[in-house]
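This report walks through one protein model. Have the sequence and the 3D view open while you read.

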Amino acid sequence: MPAPIAAPTPCDILLLASTCLTQDDSRTIIEDAAVAVGGGAVLAVGPRARVAPAWAPGRTIDLGEALLMPGLVNAHTHASMTLMRGLADDLPLMQWLTQHIFPVEQKLTPELVHLGALLGCAEMLRTGTTGFCDMYLMEEAVARAADQAGLRARVGEALFAFPSPAYRDLDQAVDVIRALHDAYADHPRIGCIVMPHSVYTTTPELLQRARALAEELDLPLNVHLAESASETAQCLEQHGRRPVAHLHALGLLGPRTLAAHCVDLTDAEIALLADTGTRVAHNPESNMKLASGSCPAQRLLDAGITVGLGTDGPCSNNNLDMFGEMASAALLQKLLRLDPTALPARTVLDMATRLGAACLDWPDVGAIAPGMRADLTALDLTQPGLQPLYNPVSHAVYAASGSQVRLTMVEGRVLYHDGAWPELDYPALLAEVRGAARWVRRQFAGA
């Protein structure tokens, strides 16, 4: 007698797409694919003919001619700066920060920070990003926005050697970080990170205290590092050593640390970052816009350093579109090295998915494989800019833009689908943002 046929296993959602770019350990690409999702995780992935009959979904989403892939990870941003997008453009970094951005930020409120972050979350979902690392002021408001929007996030209060709207001194700043950590210690998507802003806005005492706090709470640490030649000159004048050496002397380099930018580096400093296991978030578009230079990303990767990709804030980019960031990263390295093989599409896609997740200590994010979290996005392959399709990896990096995203899912929840945010009231959000813009204009007029 033949063995009985097993009944299909229940799952929450069955996703169907013409092509699936899994980013698994073998970088498998599946044609006519199906992905079963349940409990916030990927349960199965493979050819539709094999996977679909084995599952009984509560909901089936047939994306048709679409490229299904892991959601992108933005390894460094300041999402609330959406409220200042397009203002104070075309200025050098230090002038932009000290004369325009910092004065306005001192007048921000938690409500405005939350609103800007929520707009940033909507933009990230619209453009295929499912997780991000955020440094800003009053970061508890950013955490609430990320939670409300459904994204995955690492959030951290920016630590400065001067008062901010969130604290009056370093002791109070530490209390703010502890409270944020305690509030989200058991959250499935939101986690904390200790974030001293930079060498040039802190003191050695602050940096060492930040390191100790990160070790005590067992949290990652994120800092802007070696962002420009002017930062290096300032660090040499004030501390007698370059920024990388300064952080190393204070004990801040190591596998716990994620360094953003890393533009002005020597060969010896690259070797030091590699030897200490320090990770790097590369932000090519912001570095180009501010004329800071370019992170030698290919050299960092060649040295064995884990390098993720970030947009930086919407003030210095001016968007949160990680698809555009991938193309910029690849093209910039080719130009700088005069080598068309530098930073190939496969490597850049890794930086925006698997390596970005590794930068943020998310071991179960960045690939579509059983047991991984169901953080996914899908591109509309019927768009003229994505036809014809020969190489899905090349398309994702060189041809795609966030405007071609059809679906974004985090933890198995559909958060953007074909022009709609099911869990956000976008028209109401847009109305609030327009009101906030009037406030921002007044502040910039007086800055």
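Gln 298 sits in helix α11 (residues 297-302). Helices here are DSSP runs of H or I with at least four residues, strands are runs of E with at least two, and both are numbered from the N terminus. Gln 298 is buried, with a relative accessible area of 12%. Buried means under 20% relative accessible area, exposed means over 50%, and partly exposed lies in between (1.4 Å probe, protein chains only). Leaving aside neighbours within four places in sequence, Gln 298 is in contact with Gln 333, Arg 337, Ala 342, Leu 343 and Pro 344. Contact means heavy atoms within 4.5 Å. Gln 298 and Arg 337 are 39 residues apart along the chain, and their C-alpha atoms are separated by 9.2 Å.

The model is predicted: local features need pLDDT of at least 70, side-chain atom pairs count only at pLDDT 80 or more, and totals for chains, interfaces and linings use all residues. Residues are numbered from 1 along each chain as its sequence is written, and side-chain values use heavy atoms, with hydrogens and water left out.

**Cores**

The largest nonpolar core has 130 residues. Such a core is a set of buried Ala, Val, Leu, Ile, Met, Phe, Trp, Tyr and Cys residues joined through side-chain atoms within 4.5 Å. Trp 96, Phe 132, Val 194, Leu 225, Leu 273 and Met 326 have the most contacts inside the largest core. Helix α3 (residues 110-126) supplies the largest share of this core, 10 residues. A second, separate core has 21 residues, including Ala 17, Ile 30, Ala 33 and Ile 61.

**Strands**

How many of the residues of strand β7 (residues 129-136) are buried? Eight of the eight are, so β7 is largely enclosed by the rest of the structure. Strand β6 (residues 72-77) runs parallel to β7, joined by four bridges. Strands count as paired if DSSP finds at least two bridges between them. Val 73 has Gly 131 as its bridge partner in β7. Strand β8 (residues 152-159) also pairs with β7 in the parallel sense, over six bridges. There, Phe 132 is partnered by Ala 153. With helix α4 (residues 139-149), β7 and β8 make a right-handed β-α-β unit. Right-handed means that, with the strands pointing away from the viewer, the path from the first strand over the helix to the second runs clockwise.

Strand β11 (residues 221-225) is mostly covered, with five of its five residues buried. In a regular strand the side chains alternate between the two faces of the sheet. On one side of β11 lie Leu 221, Val 223 and Leu 225, on the other Asn 222 and His 224, and all are buried. β11 pairs with strand β12 (residues 257-261) in the parallel sense over five bridges. Val 223 is partnered by Ala 259 in β12. Leu 225 touches residues that include Pro 243, Leu 253, Ala 260, Cys 262 and Leu 273, not counting those up to four places away in sequence.

**A buried loop residue**

Leu 83 lies in the loop between β6 and α2 (93-105). Is Leu 83 buried or exposed? Leu 83 is buried, with a relative accessible area of 11%. Beyond its neighbours within four places in sequence, Leu 83 is in contact with Leu 112, Gly 116, Val 433, Ala 436 and Val 440.

Most residues other than glycine have a negative phi, and most peptide bonds are trans. These sites depart from that pattern:

| Site | Feature | Value |
|---|---|---|
| Asn 317 to Asn 318 | cis peptide bond | omega near 15° |
| Gln 387 to Pro 388 | cis peptide bond | omega about -10° |
| Cys 262 | positive phi | about 50° |
| Asp 312 | positive phi | about 65° |

Asn 318 is in the loop between β14 (307-309) and α12 (322-337). Asp 312 lies in the loop between β14 and α12. Asp 312 is buried, with a relative accessible area of 5%. Cys 262 is in the loop between β12 and α9 (267-276). Cys 262 is buried, with a relative accessible area of 0%. Pro 388 is in the loop between β15 (376-380) and α15 (392-399).
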